[in-house]
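Student: I would like to go through this structure and ask what the labels rest on. Please set the values against the cut-offs as we go.

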Protein chains: 2
Amino acid sequence: MFTSACTVVGGGHHSHYLSSHAVGNFSSHRPNSPIMISSISKITFNRNSVAAAASSTRNINNSINNASSSFTWDDVFQISRWPDVSSDLGGFFHKINLCNRGSERRSDFIPFVIEDQVVGYIHNGFLDHLSKFKDVFTCIKDNTYGSQFGHVTLQSALKTPKCRTEALENVVKCLGEEVIPGIRNELFPVTSSYGGQVYFSLERAAAPYFGIKAYGVHMNGYVERDGQKYLWIGKRSEMKPTYPGMLDHLVAGGLPHGISCGENLVKECQEEAGIPNSISSRAIPVGAVSYMDIDGYRFKRDVLFCYDLKLPESFIPSNQDGEVGSFKLLPITLVVDIIRSTQFFKANCNLVIIGFLFRHGYIKPEDVGYLKLLQSLTSGDCS
Amino acid sequence: MFTSACTVVGGGHHSHYLSSHAVGNFSSHRPNSPIMISSISKITFNRNSVAAAASSTRNINNSINNASSSFTWDDVFQISRWPDVSSDLGGFFHKINLCNRGSERRSDFIPFVIEDQVVGYIHNGFLDHLSKFKDVFTCIKDNTYGSQFGHVTLQSALKTPKCRTEALENVVKCLGEEVIPGIRNELFPVTSSYGGQVYFSLERAAAPYFGIKAYGVHMNGYVERDGQKYLWIGKRSEMKPTYPGMLDHLVAGGLPHGISCGENLVKECQEEAGIPNSISSRAIPVGAVSYMDIDGYRFKRDVLFCYDLKLPESFIPSNQDGEVGSFKLLPITLVVDIIRSTQFFKANCNLVIIGFLFRHGYIKPEDVGYLKLLQSLTSGDCS
């Protein structure tokens, strides 16, 4: 069931769901033949007994308690059986909080300063690992940058971006996978704010250990039909080192050094979903979200540039780089319920989709907590 | 020239503008006949000499220096002659700053507290006017709410919203137009945040003198054709007590006590632009902007709920309440240049239109200052 690479699920109301038999397999469609979402038959949901419903809730809660535990598309489609509580924003706030953990441990981190600019924050425990690299780092005991523990900087001999990059490359290599797991050999620029001076470049996996700002692009790829919106959702490959098997945007990626947001988006569109330039060039930049997440020694200070792309109904995504297991087109109401009721989505995707819900009127000023939720989408340092 | 109530200006590139003869008078159209924007002929702009251009600049600068000085639609259309500097966000930042003046004088204001909640801020000079109402106000010299001058509250005898409202109504009446000009006999709710407890209601014109949060709805009414967007822009009646003759949204209004944002928008759509429920119900809530503006004794702490409404090309706005002099449909590129180059728009409209430019991709991550500008749209207390 639901094993095809690309599947569409029609219908938007919670009291309906689609049997697997009613789901069209997009793989068999020719790219240019329009997919008639309305032609997919709806089956009225036969409500389960309270006991069965409770059992279903337990299964999903297991996934909630352990976000990395595997789940299938079947589990995803179960979500639509949940009762409608459309004006309750509580589930959304919970997802915002998941991206903004550990603020009470902020004082455990020491400013990382280059050329008088704070570019990151390093945990005092992680600093022990760095203390053996005396020709690279130096710790200055002052209160100039607001920490009683002083600040960390690079040795003054490391004057150029190139020699800083090489020195840090060596540090990351020496520390290895045990200290910095998931090394990708992908460089992120180190800046104090977006578009500012790039002081050097740093391995992507190391970025949260140095608390540097990291930027990415996330795209909501959607289809509209009869005033209903559907989002193309990916399920990450089980082989991915990070967040395997979790739900993801149609297209998303980190912003490496030396490429603009727009160029990166077009590139990721091609690699992740097989979207040609002729379509991806229509993607609209619509704003940004930000969060600050402390998890052990890691301090994520991420800003995601958000894009919306309205896709032709005939378009079928096709992953090119092996990073996505499968795609499905889900009614926005189902996506809403998945976000509110589970942790199936890679955490930061929730923020970008909640932004979509704001822009497209699915969250309304009449909903209690509207302004607070809107503000919380930029809880991090959005600069 | 351009004296018709509703006129459309076609074309979007700065090197073109439209002669008055080429402008269609929408008043003569039947409501159901589609208006073919493309049928309006474009005339290639015959560039003026440097001297003439400088003279035009001087005229516009006169308007900039005195935002309340009158200008005509002709002055507005001159703006399109200005050179294109599309990636320069400087003009936008200037408009944000116009809505967020006087932060350096924040300490001149004393917290206004009801039931242990800060609901406003009162200038210590304005407090002299209130000191004669000893049965209404009391000033407590403490530092509980972060001001060394203490805080202002209502006498404990004023326990209910009703008696507080009546007491303040009397205060505003006694102070009169000399101290609080522009009294409207329209009540705003007094809360610490949107949707929170309403402690009493206060005359709208008095709101900034008590520094209470004020909420409004602003709607970008737009038309789309061949991928180009056009905004319906109103020019306020010269008879309006506030911002006479200035450019304004198609629909905008304060949020009085006892009506939801959505209901208020539908009501304002009818009153301000003659938009029937069948169309206004399609307006999409898309977020909010906020600002904090100190001007003399007045401290504006406003939050505007923003809506986008895509209008049929055939729709012609028609003001019902005498508050709008005329409407015109302007290409978004011209609106952009008006915002950047003049102070023709009522200041807070700029923020809502800049929000529109973000959502619709007219401002891009590649533009220097993108994130800073985005954040600045909620410079006020957006709660």
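Student: Why does A:T191 count as buried?

Tutor: This is a predicted model, and each value is computed from it. A:T191 has 4% relative accessibility. Buried means under 20%, so A:T191 counts as buried. A:T191 sits in the loop between β9 (187-190) and β10 (200-203) of chain A.

Student: What is A:T191 in contact with, leaving aside its neighbours within four places in sequence?

Tutor: A:T191 is in contact with A:V119, A:G196, A:Q197, A:V198, A:Y199, A:K213 and A:Y215.

Student: What makes A:S280 buried?

Tutor: The relative accessibility of A:S280 is 2%. The cut-off is under 20%, so A:S280 counts as buried. A:S280 belongs to helix α8 (residues 277-280) of chain A. Apart from neighbours within four places in sequence, the contacts of A:S280 are A:V266, A:C269, A:I275 and A:L309.

Student: How much of chain A counts as buried?

Tutor: Of its 383 residues, 54% count as buried. Chain A has eleven helices and 17 strands. Among its contacts between residues at least 6 apart in sequence, 69% join residues at least 24 apart.

Student: Why is the pair A:E238 and A:K235 called a salt bridge?

Tutor: The closest N and O atoms of A:E238 and A:K235 are 3.5 Å apart. The rule asks for a side-chain nitrogen of Lys or Arg within 4 Å of a carboxyl oxygen of Asp or Glu, so this pair qualifies as a salt bridge. The two partners fall in separate classes by accessibility: A:K235 is buried at 7%, while A:E238 is partly exposed at 45%.

Student: What do B:D293 and B:R101 tie together?

Tutor: B:D293 lies in strand β15 of chain B, and B:R101 in the loop between α3 (90-98) and β5 (109-114), so the pair ties together parts that are 192 residues apart in sequence. The closest N and O atoms of B:D293 and B:R101 are 2.7 Å apart, and the limit is 4 Å. B:D293 is buried, with a relative accessible area of 7%, and B:R101 counts as partly exposed at 36%.

Student: What makes B:E115 and B:R164 a salt bridge, and which parts of chain B do they join?

Tutor: Their side chains meet at 3.0 Å, N to O, against a limit of 4 Å. B:E115 is in the loop between β5 and β6 (117-123) and B:R164 is in helix α5 (residues 161-179), so the parts tied together are 49 residues apart in sequence. B:R164 counts as buried at 6% relative accessibility, whereas B:E115 counts as partly exposed at 42%. In chain A, salt bridges that share partners join A:R101, A:D293, A:D295 and A:R298 into one network. The whole structure holds 38 salt bridges over all chains.

Student: How many salt bridges cross the interface of chain B and chain A?

Tutor: Across that interface the rule finds zero salt bridges. Eight residue pairs are in polar contact between chain B and chain A. The elements of chain B that each supply at least two residues to the side touching chain A are α7 (261-273), β15 (284-295), β16 (298-310), α10 (347-359) and α11 (370-376). Of these, β15(B) gives the most, with five residues. By class, this side of chain B has 17 nonpolar, eight polar and three charged residues.

Student: How much area do the two chains bury?

Tutor: Chain B and chain A bury about 2000 Å² between them, with 66% of it on carbon and sulfur atoms. On the chain B side, B:P285, B:P365 and B:L371 lose the most area to chain A, together 28% of what that side buries. The contact takes 28 residues from each of chain B and chain A.

Student: How do you know that the copies are related as by a two-fold axis?

Tutor: A rotation of 180° with 0.0 Å of shift along its axis superposes chain B on chain A, with an RMSD of 0.0 Å. The copies are therefore related as by a two-fold rotation axis. The same surface serves both copies, as 100% of the contact residues of chain B recur in chain A. B:R359 is the residue of chain B that comes closest to the axis, at 3.8 Å (C-alpha).

Definitions and conventions. Residues numbered from 1 in each chain as written. Chains lettered and ligands numbered in written order. Predicted model: local features only at pLDDT ≥ 70, side-chain atom pairs only at ≥ 80, totals over all residues. Heavy atoms only, no water. Contact = heavy atoms within 4.5 Å. Buried area = accessible area lost by both parts, 1.4 Å probe. Polar contact = N/O pair within 3.5 Å; in protein donor to acceptor, adjacent residues only side chain to side chain. Helix = DSSP H or I, 4+ residues; strand = E, 2+ residues; numbered from the N terminus. Nonpolar A, V, L, I, M, F, W, Y, C, P; charged D, E, K, R; others polar. Least-squares fit on C-alpha atoms with pLDDT ≥ 70 in both. Buried < 20%, exposed > 50% of the residue type's maximum accessible area, 1.4 Å probe, protein only.
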